[in-house]
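This briefing goes through one structure by topic. Please look at the sequence and the 3D view before reading the points below.

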Amino acid sequence: MNAERVELTLTVNGEPRAVAVEPRKTLADTLREDCGLTGTHLGCEHGVCGACTVLVDDEPVRSCLMFAVQCSGVEIRTVEGLADGDRLHPIQQAFWEHHGLQCGFCTPGFLMLATSVLEARPDIGDEELREVLASNLCRCTGYQNIITSVHAARDQMRP
Amino acid sequence: MKPAAFDYRAPRTLEEALGLLREHQDEAKVLAGGQSLVPAMNFRLARPAVLVDIARVPGLDRIDLDDPGSVTVGARVRHLDLEHNTIPGPLGVLLARTGRWVGHYPIRVRGTFGGSLAHADPAAEWCALACALDAEIHCRSANGARVVEACDFFEQMAFTTCLAPDELLMGVRLPSLGDSWGVGMAEFARRWGDFAIVLAIAAVERDGDSVARARIALGGVAGGPVRAAHAEAALSGRAATPESVAAAAAAAAEEVDPTGDIHGSADYRRDLVRTMVTRALNQALA
């Protein structure tokens with residue numbers, strides 16, 4: 001079995017990142033440890049909680065269930081790529097204004113999940129949005145305010 | 001919660017992929033969407049020495065509509081692609097209805113149809129659907145190709161199929177149900193996105209006011225998906241009435257032999273079979 005590192009270049013938030021990782025290293029661990037992007041959080045590490053959700057080619061993916069070696073040639077987006085300098089992304093602003101976070105652990109995953117779905121479907125209905133947001137867990141159980149925040153962001157982001 | 005070390009291979013041709021499987025046999029595992037395999041690896045329930053990533057093998061992500069009598073779904077077609085129905089007729093309706101029950105949205109973004117069948121979770125939606133429709137599972141190894149009927153593909157032991165270690169599941173041929181068919185799908189889980197406690201898939205061919213043929217399969221009641229043969233017989237050739245649906249649902253509940261676990265007792269599952277079959281049939285006959 002191979003513990004040798006593989007050299008590859010990831011594209012994260014539009015920037016190339018050269019890393020050397022063992023094949024068994026997940027995208028989540030690679031983002032955190034090799035790219036220094038610790039905004040992506042790891043909760044369950046088996047694809048249940050959604051805290052580690054990032055966007056791969058604009059689609060939401062659980063980065064604990066993907067290996068970094070699978071990621072050459074794709075565009076990865078993480079929570080660090082949302083804000084424009086000091087200006088929050090509309091989804092971040094909405095979470096701020098509507099108290100969409102308490103402890104904040106699940107927040108990066110929810111932000112990325114919501115961003116992808118609102119970009120892809122700006123007119124998504126309340127019921128379907130609820131189903132999508134049910135993908136991720138919030139152990140503070142702050143779901144109502146998360147839903148309120150995403151509704152507000154939807155109204156803001158609609159073209 | 002970190003996987004054991006493995007060699008990563010990403011073949012660019014089918015021949016190369018099959019060669020790797022032949023070389024490494026049961027030391028190797030095929031990686032497609034990874035939504036079941038990677039959790040198992042993170043828990044170290046699976047410790048493959050070699051991971052053969054089929055993402056770059058051409059052709060496996062196609063839905064083939066060329067044959068008028070059937071639709072062939074490539075192994076790497078994602079749950080999401082089937083949920084966003086592009087297949088005409090009742091088969092497309094059934095695939096779309098069923099697709100949205102497979103895990104959560106981010107799981108459906110990565111997870112694949114063929115991967116679900118090869119993984120063979122007893123409560124998996126696609127396994128029951130393949131069984132209900134007598135799908136043909138197309139398998140290939142370096143030594144040649146073979147076709148297995150879905151109901152023979154799944155062993156009655158959880159997570160077990162007849163796929164050999166050196167074989168790749170290439171795709172699944174499903175009958176393109178004509179307009180005389182109606183389809184239904186019902187599932188019960190404690191929370192949205194969870195695995196089913198019980199699920200039922202139904203396809204019913206109408207002949208005027210009566211039922212010419214019924215196909216019913218269940219998930220969550222045995223080691224693999226099962227056909228409800230008695231329920232099918234109770235409905236076939238009968239008038240499509242609430243009474244005949246009730247008789248079929250009762251027959252299904254009678255013929256299964258579920259075991260109880262933390263999610264529900266055997267009696268509870270049996271009761272759910274009756275309810276799920278009723279709902280799936282009512283949808284199919286609507």
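A residue is called buried if 20 or more other C-beta atoms lie within 10 Å of its own, exposed if 12 or fewer do, and partly exposed in between, with C-beta atoms placed from the backbone. The model is predicted, so local features need pLDDT of at least 70 and side-chain atom pairs count only at pLDDT 80 or more, while totals for chains, interfaces and linings use all residues. Residues are numbered from 1 along each chain as its sequence is written, and chains are lettered from A and ligands numbered from 1 in the order in which they are written.

- Strands are DSSP runs of E with at least two residues, helices are runs of H or I with at least four, and both are numbered from the N terminus.
- In strand β10 (residues 198-207) of chain B, seven of the ten residues are buried.
- Two strands pair if DSSP finds at least two bridges between them.
- Strand β9 (residues 181-188) of chain B pairs with β10(B) in the antiparallel sense over eight bridges, and Gly184(B) stands opposite Ala202(B).
- β10(B) is also joined to strand β11 (residues 210-219) of chain B, antiparallel, by nine bridges; here Leu199(B) stands opposite Gly219(B).
- β10(B) and β11(B) form a hairpin with two residues between them, and Gly208(B) in the turn has a positive phi of about 65°.

**A parallel sheet in chain B**

- Three strands of chain B form an open sheet in the order β1-β3-β2, with parallel pairing.
- β1 (7-9) and β2 (28-31) of chain B are at the edges with a single partner strand each, so one side of each has no neighbour in the sheet.
- β1(B) pairs with strand β3 (residues 50-53) of chain B over three bridges, where Tyr8(B) stands opposite Leu51(B).

**Two domains in chain A**

- Chain A is divided into domain 1 (6-79) and domain 2 (90-157), with bounds from an automatic or database domain assignment.
- The centres of these two domains of chain A, taken over C-alpha atoms, are 21 Å apart.
- The contact takes 14 residues from domain 1 of chain A and twelve from domain 2 of chain A, where two residues are in contact if their C-beta atoms, placed from the backbone, lie within 7 Å.
- On the side of domain 1 of chain A that touches domain 2 of chain A, β3(A) gives the most, with three residues.
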